[in-house]
Amino acid sequence: MTRKMHLLATAAALSLLSGLAQAEVTVLGWPGGPEETALRAVTEVYNAQPDLAEENKVELLFTSRDGFFDKLQVDLAAGSTAFDVNLIATYSIGRYAPYMEPITLSDQAGAVFGDTVLKTMQFDGQQYGVPTDLSLHFLYFRLDLTDALMADDAAKARYAEISQQHLGKAMEPKAPADWTWEDFVANALYFSQSVNPDSPTRYGTVIQAKNLLFNMMVFHSWPRSYGGNWMDDAGTITVDSEAFRTALSQVKMLFDLGATPPDSTSYEYAEANAAYAAGQVAAMVQWNAAAGELTAAQAATGTTAPPAGPDGKFTHIHGLGLGLNKAAENKEGAIAFLQWLSTEEAALAYAKAGGAPGLAAETAAKLATDRPDLVQVGEYASTYGFVMNGGTSEKALSVYEAQAKEFTGYWAGTQDLDTALKNAATAMADLLK
Amino acid sequence: MTNRRENAILAAPLVLFLLAILGFPTVLALVYGVSDTSFQTLTSPEFSGLANFRQVLADPTFWQAAWFSLRFGAITAVLQCALGLALAVYLAPLVRLHGWTVAILIIPMIVAPAMMGLMYRLVLHEFAGPLPHYLYQWLGWSPAFLSPAHVFKTVVVAETLQWTPFAFLLFLTAYQSIPEDLREAAAVDGTRPWRRFWTIELPLMLPTVWVALFIRFIDGFRVFDNIYTLVGAGPGGSTTSMSIYIYETFLRRGEIGKAMAAAILLFVTAFLALALAQRLTRKAAR
């Protein structure tokens, strides 16, 4: 009996040791959607390398998207060793940096991604992640509606009348690629039945205005094109500016005149897309990720960069990426995987599998047939992309939250513009000090 | 072995379980509530006295959340109890004959509140939801259920529809436990049903009414899941309940001490409400 017990104990100890020897690199990825599919695909490519040691093979871990970043915050703060590599986003790098380690990318990284995209994964001058997916905004519009408008003199006259009444000047319809934000507003009013009962769509646009940080990112392209920023180079908060006032007031006008659904104060990505897909919205600014869905629902959909302001066209950009957990148990294996992930081979495989990496023009050109949309994303990112001053700081997420609360309150009519801007500036001064 | 010792041994597992499940988090909340704590300093909180409580009490968003929770808790509790009572009295004869009808009536209670929020988010969407779709088709118009003008009414109705069955169950039990001979005696004396309800049945059910009102108020006051999944914190924080305030302060803003201070204040409020309800229940029973 005693001998049997000894044998059992030895077997158990051996199996435990062999388990340790086979420890893999665990990667916590962004669950669901094309990001998961693409990560699975590149992981297969990586694991198939003949010279890769068994203990450095990559294993993927996915949780739910709901509250993902909150759960990640708790896991990292608790020093979790459940994963070696974890997802990060531009706006959360500063928040997670204390629990992560900076990394060195492959020599090819600069040429593959370009400096603008690599910066989306930097904090305090150090590289914290490999950029895997790039998000920015497109202006989506109904080509059939804008073409019909520009070809009809009576419609043009009505357009001029509406813009004169609400914007103080008679405007002419233009091609969406040439729009300023005033053109965007005039077009939205013309295509809203509350303003123009003959409009073929119920609403001219849809503003996703739920009190949610991601919706502020969509909005920011607007004040940025008027010269707005979170703070100046000296660190002074500049949100209470003419640029933000103009942009906020123009959005408020759209709400007041019924040019966006009244309950769009509860809309986020999915609801706004559903409104456009239903054929009841003429144009909207939305994430590039929606291109497939919106084009499939409305075949006559065109895409271009968001409208221009006096300072030109701008689009918020942020990246999703993968970085190194400070408490990782297999750091060596994790670093090797991250370096490989920043090579051209990995970036191309990731893109072909459905991911949306922000690629430099030369690299994107190699995908012109498979992924033409990535050429547009890369071009817009390098030409119009911006990150607000302080947009990667430790409290960046909280700044977005504070603005979401105050600005949506103004749009919903629960507070005036001065109060919203004053509260936002006070909160930001506290968060970005 | 004495009875006292036996009781202690039998109660020990439950007490230990409660200490582990409730005691530890409570102590931790108290420590963090009087400390300057962030995610970086979770294991080394710095004592800051009552600073967090002062911050919470000076925060307009906290009072906005408290007012929302108070209104929401009171209105939904009254609505659910009124509807539950009416349903219990009206349907009691049917339930006596067909007990299985109760199972149908309590279906909404079985759905997880977070799922209920997601379901309404779909059902009430102007372009994807069946309700606005048919209203547009039949009337050419539909209210924007989740617009700032209607969102409070919408979340009140959603909560009422889900939890009225709970009040109904309590009242049905109380109504069925009233001795039948009391009703028969009243009938023999020629008392009309309406008068019988007001003078005999309702007074006998009053302790249950207080308990139901209290439970539903507390549940409404600490509401989180369904509102959070349906509309979030609301434009300008207009649908921020106390629980949503605590969640956002803790996880979104990383102000752990302040969130714990707000949680302690919420606990104290609930405790005081419980004491008051118990007193009222005892008074009603006498």
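**Reading the model, feature by feature**

A: Asp124(A) is exposed, as its relative accessible area is 69%. Keep in mind that this is a predicted model.

Q: Where does Asp124(A) sit in chain A?
A: Asp124(A) belongs to the loop that links strand E5 (122-123) and strand E6 (126-127) of chain A. Its backbone deserves a look too: phi of Asp124(A) is near 55 degrees, a positive value in a residue other than glycine.

Q: How do I read helix packing, and at what angle do H10 and H11 of chain A pack?
A: The general idea is to compare the N-to-C directions of the two fitted axes. Here, helix H10 (residues 213-225) and helix H11 (residues 242-256) of chain A pack at about 125 degrees, and their axes are 7 Å apart. H10(A) is therefore oblique to H11(A), because an angle counts as roughly antiparallel over 145 degrees and as roughly perpendicular from 65 to 115. As for handedness, H10(A) passes H11(A) in a right-handed crossing.

Q: Which residues make the nonpolar surface patch on chain B?
A: Leu14(B), Phe17(B), Leu18(B), Ile21(B) and Leu22(B) make a nonpolar patch of about 500 Å². Take Leu14(B): this residue lies in helix H1 (residues 3-33) of chain B. Leu14(B) counts as exposed because its relative accessibility is 53% and the cut-off for exposed is over 50%.

Q: And how many helices and strands does chain B have?
A: Chain B has 13 helices and two strands. Its C-alpha trace spans about 75 × 75 × 30 Å along the principal axes, and 43% of the 286 residues of chain B count as buried.

Conventions. Residues are numbered from 1 along each chain as its sequence is written. Chains are lettered from A and ligands numbered from 1 in the order in which they are written. This is a predicted model: local features need pLDDT of at least 70, side-chain atom pairs count only at pLDDT 80 or more; totals for chains, interfaces and linings use all residues. Side-chain values use heavy atoms; hydrogens and water are left out. Patches are made of residues with over 30% relative accessible area and no salt bridge: like charges are joined within 9 Å, nonpolar side chains (Val, Leu, Ile, Met, Phe, Trp, Tyr) within 5 Å. Accessible areas come from the Shrake-Rupley method with a 1.4 Å probe; for residues, only the protein chains shown count as cover. A salt bridge is a side-chain nitrogen of Lys or Arg within 4 Å of a carboxyl oxygen of Asp or Glu. Helices (H or I, at least four residues) and strands (E, at least two) are DSSP runs, numbered from the N terminus. Buried means under 20% relative accessible area, exposed over 50%, partly exposed in between (1.4 Å probe, protein chains only). Axes are lines fitted to C-alpha atoms, for helices over the stretch in contact, and angles run from 0 to 180 degrees between N-to-C directions. Angles under 35 degrees count as roughly parallel, over 145 as roughly antiparallel, 65 to 115 as roughly perpendicular and the rest as oblique. A crossing is left-handed if the near helix is turned anticlockwise from the far one by less than a right angle, and right-handed if clockwise.
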